[in-house]
Amino acid sequence: MWPALAALTFGLGSGCFGAPTMGSLYRTLPGPMVAQGSSVLYMLNQLGAALGVALVTLVVQTAADTMSGLRGVFWISFAAVVVVLALIPLLPGRAAAAAQAEAVPSAGTKPHKNGIR
């Protein structure tokens, strides 16, 4: 029962910070680069999934028994999440995206009184 609850909690937590992180990454790209960024992100997700499966297989295979191997996988995953959570403040936030949007005025904005948009 405890491993299932731990996996559920881990999955929900990962889901809660995964989508906002991806959104933050897309906000930093210029409009024409979003398609290329999406392709690169998809490729990195697939590579990460393949490496994750290989790591889980290695840890479970080299453990004394299956349960101790799964415990090792849980703690490796936990450590990876802690590292990711520690790095999240380094991601560009809404303030950076808003400043970037203000730097490039839209076509429908009215010129300022001195002729500058």
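## Second largest pocket

The second largest pocket has a volume of about 330 Å³ in this predicted model. A pocket here is an open set of points on a 1 Å grid over the protein atoms alone, where a 1.4 Å probe fits, with protein on both sides within 12 Å along at least five of seven lines; lining residues have an atom within 4 Å of a point. The volume is the space filled by probe spheres set on the points, which are joined across faces, edges and corners.

Among the lining residues are Trp2, Phe10, Arg71 and Phe74. By class, the lining comprises 9 nonpolar residues, 1 polar and 1 charged (nonpolar: Ala, Val, Leu, Ile, Met, Phe, Trp, Tyr, Cys and Pro; charged: Asp, Glu, Lys and Arg; polar: the others, Gly among them). H3 supplies the largest share, 6 residues (helices are DSSP runs of H or I, at least four residues, numbered from the N terminus).

## Aromatic cluster

Ring pairs join Phe74, Trp75 and Phe78 in a cluster. Rings of Phe, Tyr and Trp (its six-membered ring) pair if their centres lie within 6.5 Å; planes under 30 degrees apart are stacked, over 60 edge-to-face, and the rest tilted. Phe74 and Phe78 are stacked, at 6.4 Å centre to centre and 25° between the planes. Both lie in helix H3 (residues 66–87), 4 residues apart.

Phe74 is partly exposed, with a relative accessible area of 31%, whereas Trp75 is exposed at 52% (buried is under 20%, exposed over 50%, partly exposed in between, with a 1.4 Å probe and protein chains only).

## Basis of the values

Residues are numbered from 1 along each chain as its sequence is written. Local features need pLDDT of at least 70, side-chain atom pairs count only at pLDDT 80 or more, and totals for chains, interfaces and linings use all residues, while side-chain values use heavy atoms, leaving out hydrogens and water.

Conventions. Helix = DSSP H or I, 4+ residues; strand = E, 2+ residues; numbered from the N terminus.
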